[in-house]
Amino acid sequence: MEASSTSLKRNKFGKLKVVRRRLLQRYEHQPFISCLAGFYSCRWKRYQRRRTEPGKCCCKTWECVFFPLLVGAFCFSLVFLYTWGEAKNDYNNFDWYNYGNLGFWFLWSLVLLIVAAILFMYITLLLVLAMCLLAEGQQLYLHWSHKIGTFLVLGFSITALFILSVLWGDQWKTVRLSFQITAPYLHVGAIAIMVLLSWPVALHAIRADKKVAQVIIVGPYLAILLFLFLIPLGMYSPCIREVGTLGPKPALIGHRGAPMLAPENTEMSFQKTIEHGGDGLETDVTISYDGVPFLMHDRTLRRTTNIKEVYPNDTAQNAALFSWDTLQELNAGTWFLKDKPFSCMGSLSRADQNQAMNQSIYKLSNFLRLADSQNKLVIFDLYRPPEKHPYRNSWINRTLEVILNESGIRPHLVLWLENDMRSFVQSVAPGFQQTMGSKAPLGDLLMDNIVKLNLAYTEMSSEDIRKYAEANITTNLYVVNEPWLFSLAWCSGAHSVTTNAVHTLKNLSQPLFLMTPQQYNIMWILTDLTSVLLISLIFALHWWRERSSSCCAHDGGSMLESGTYNKFRTELSDMPVVMA
């Protein structure tokens, strides 16, 4: 009898040791959960939290409704952050647009990027906390302050995307182009996220007590995973190509010179382009009231000169309505040092600062002489003067006079872009390289003796570039500033690009993200196989843990029904009684 009683006590003691060890494990785990729940729910005390019972929903009805909003806020903020991040190539255009509406220069593009990044990090942190709580089997409860923050992020992202679509719809073309570069790496990132999500998915799917609930949890997850596995079958990138098939590096044409290093459309700006190895110069030509062609991009002189100080009553007047003598009085460089028009501008040396401060408006004839002396191609937008201007109807003739008679530039260096009176220009200056600013049927281009297309980078198409090249028509893309975009233009076969960043793009010896099809297939297959292995192990681990827990719970009775602190103390206090 005594032996039987001793054996029973030993069995109870052994079971109590198992129970105690498991309870201690849960107790030791609480500081981590306290941090998760504290940041997510502002519930720092243990009695405020509840574990998800097996087979039960992970949160209450209202939280179940709100959780998709949290996921939606994350998705929309991610889309906007990616879109705006890839729009960096055109930040100067965005800031210029705001300058035209607000009347003062500020780097709004950079501010918007910082705000988008902060909001995305905030909503990502909330989602990570939620996933960790789910992985720990805790019920979700998002604090009301975070719910307000989620609505703000969601509203900001949707509003920003809507405004972007209305005012700057071409930016979606930039996003589509970016996928040709980033898609292989986004695919790897998406697979990694699915591997991380497999932990809470497996936990709640295996704990579900009904097959329908398991299908609802696992079905969408597996569908998304399968979709991601098959995405590479429809993926296209010109930078995934066989060795030896890459064309030559595109020539670099300085957009208004080197506007990141010097005031745009000034002598200093074009000299900087030449110093950094640019192959050509791009500018904008306006004709003064007394018939002198000069370089100016804007309709007014307000942004790039000190006209507000010299002639404060004429800041809104068209630049073409000033005489050349008046234009010569203006400074065209001090604004550059004051406004810093590009967020990625480096610091200028003292000598460059002094040179920039003394820049003036540049004449077309001087610009052409500089290009000719350095054997650089020139391309320019020619602006027709406004109504009642003396050269309103003879603007092309006056420009041709300067090019042919005053500058002395060799005709083959001129890429003639203006489409008006093209036949007349060809008869007067047959040596010009006729350039078209838009796509057109190949027959029409050949009939007009077009030898080059000058296209916005958003119209980039490797197929069209190849088709035109077969007819000896080269392609120039504008304005290409970012290395990833230049890499895509290079891989697509572009012959030249107009850029603000000659000084950085000249250093690229090969396109970024260049790889062979074999290398990409290895990356794709290894990623998929590794993810399948990890996800399978995670599901197997959760199945084994739940099976072990259920067996122990069956042996230990009610002592494992609750993991709260009070229950833990109760179980420990009961141990001496049982042993007695």
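Is Glu387 buried or exposed? At 59% relative accessibility, Glu387 counts as exposed, since the cut-off for that class is over 50%. Keep that in mind as we walk through this predicted model, because the cut-offs for burial return in several places below.

## Confidence in the model

Across the chain, pLDDT averages 87, and 86% of the residues reach 70 or more.

## Salt bridges

The count of salt bridges comes to twelve. One of them brings us back to the opening residue: Glu387 pairs with Arg392, and the closest N and O atoms are 3.2 Å apart.

Another joins Lys439 to Asp464, with 2.7 Å between the closest N and O atoms. Lys439 sits in the loop between β6 (433–436) and α16, while Asp464 belongs to helix α17, so this pair ties together parts that are 25 residues apart in sequence. Lys439 counts as partly exposed because its relative accessibility is 30%. Elsewhere, salt bridges with shared partners link Arg256, Glu264, Asp284, Asp298 and Arg303 into one network.

Arg256 is found in the loop between β1 (251–255) and α8 (267–275).

## Helix α17 and its two sides

Helix α17 covers residues 462–470, and its buried residues are Ser462, Asp464, Ile465 and Tyr468. Seen down the helix axis, these buried residues fall within an arc of 160°, so they line one face of α17.

What do the buried residues of α17 pack against? Their partners are α16 (442–447), β7 (452–456), β8 (474–478) and α18 (483–492). On the face turned away from the buried side, α17 carries the exposed residues Glu463 and Glu470. Asp464, one of the buried residues, is also the salt-bridge partner of Lys439.

## Backbone details around α17

Some backbone angles in this part of the chain may interest you. Just after α17, Asn472 takes a positive phi of about 65°. Asn449 has a positive phi as well, about 60°, although it is not a glycine. Asn449 is found in the loop between α16 and β7, and with a relative accessible area of 46% it is partly exposed.

There is also a cis peptide bond, running from Tyr478 to Val479, with omega near -25°. Val479 lies in the loop between β8 and α18.

## A nonpolar patch and helix α5

Which residues make the nonpolar surface patch of about 620 Å²? They are Trp96, Tyr97, Phe162, Ile163, Val166 and Leu167. Helices α3 (91–102) and α5 (144–167) each supply at least two residues of this patch. The largest share, four residues, comes from α5.

Ile163 has its place in helix α5, and it counts as partly exposed because its relative accessibility is 42%. His146 also has its place in α5, but it counts as buried because its relative accessibility is 15%. Not counting residues up to four places away in sequence, His146 touches Phe39, Tyr40, Tyr122 and Leu126.

Key
Residues numbered from 1 in each chain as written. Predicted model: local features only at pLDDT ≥ 70, side-chain atom pairs only at ≥ 80, totals over all residues. Heavy atoms only, no water. Buried < 20%, exposed > 50% of the residue type's maximum accessible area, 1.4 Å probe, protein only. Arc of directions from axis to C-beta. Contact = heavy atoms within 4.5 Å. Patch = residues over 30% accessible without salt bridge, like charges linked within 9 Å, V, L, I, M, F, W, Y side chains within 5 Å. Areas by Shrake-Rupley, 256 points an atom, 1.4 Å probe, with all protein chains shown as cover. Salt bridge = Lys/Arg side-chain N within 4 Å of Asp/Glu carboxyl O. pLDDT = per-residue confidence, 0-100.
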